[in-house]
Each structure stands twice: as C-alpha cells, then as structure tokens.
Amino acid sequence: MFAGFDFDVIERSLPYLFREGMTFTLTLTAMAMTGGIVFGTLLAMMRLSSYPLLSAPAAMYVNLMRSVPLVLVI
C-alpha cells in the first residue's frame with residue numbers, strides 16, 4: 001500500500017513544519033489569551049457596575065453562555 005510513497009519527504013520537511021506549526025499555535029494561543037483576559041475583565045467590570053444599562057447586558061450574556069452546552073460551543 002505504501003510501496004510508492006516517499007517517506008523521506010516527511011523527514012526532510014519535519015523541522016520546517018514543526019517550526020511553522022508551533023509558531024502558529026503559540027501566536028494563536030497568545031492572541032486568544034490576551035483577547036479573553038481583556039473581554040473577561042470588561043465583562044466583569046460591566047457586571048459589577050451599578051448602572052443597569054451596563055450590568056443587564058453583561059448579566060444576560062453570562063447567563064446565556066452558562067446555559068449553552070459546552071459541546072455546542074466546541
């Protein structure tokens with residue numbers, strides 16, 4: 001089945017693919033963490049606000065996200 005397949009291509013390109021993949025993964029992780037911290041902090045500040053125009057939408061968003069099943073989010 002793999003008689004005509006050249007495994008040397010994978011071996012030669014493995015360092016490049018690993019470096020590119022790891023760079024992309026770490027960049028995406030850093031961006032997601034930064035965005036999540038900023039969004040979460042703003043949402044928490046809105047939720048703790050004494051102004052109903054700020055706290056009500058934040059509470060609705062939090063309750064909506066709590067009620068959505070995790071499998072649906074993933």
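1. Helices α1 and α2 pack at an angle of about 125°, their axes lying 7 Å apart. That makes α1 oblique to α2, since angles under 35 degrees count as roughly parallel, over 145 as roughly antiparallel, 65 to 115 as roughly perpendicular and the rest as oblique. The axes are lines fitted to C-alpha atoms, for helices over the stretch in contact, with angles running from 0 to 180 degrees between N-to-C directions. The helices themselves are DSSP runs (H or I, at least four residues), numbered from the N terminus.

2. A word on the basis of these notes: this is a predicted model, in which local features need pLDDT of at least 70 and side-chain atom pairs count only at pLDDT 80 or more, while totals for chains, interfaces and linings use all residues. Residues are numbered from 1 along each chain as its sequence is written, and side-chain values use heavy atoms, with hydrogens and water left out.

3. On handedness, α1 passes α2 in a left-handed crossing; the term applies if the near helix is turned anticlockwise from the far one by less than a right angle, and right-handed if clockwise.

4. How many salt bridges does the whole structure hold? A search finds one, taking a salt bridge as a side-chain nitrogen of Lys or Arg within 4 Å of a carboxyl oxygen of Asp or Glu. D8 pairs with R12, and their closest N and O atoms are 2.8 Å apart. Both residues sit in helix α1, four residues apart, which is about one turn of the helix. D8 is partly exposed at 34% relative accessibility, whereas R12 is exposed at 56% (buried is under 20% relative accessible area, exposed over 50%, partly exposed in between, with a 1.4 Å probe and protein chains only).

5. Have a look at the nonpolar surface patch formed by F2, F5, F7, I10 and L14, which together have about 520 Å² of accessible area. Patch members have over 30% relative accessible area and no salt bridge; nonpolar side chains (Val, Leu, Ile, Met, Phe, Trp, Tyr) are joined within 5 Å, like charges within 9 Å. Areas come from the Shrake-Rupley method with a 1.4 Å probe, and for residues only the protein chains shown count as cover. F5 belongs to the segment before α1 (8–47) and is partly exposed, at 44%.

6. P57, in helix α2 (residues 52–67), is partly exposed at 40%.

Notes:
Helix = DSSP H or I, 4+ residues; strand = E, 2+ residues; numbered from the N terminus.
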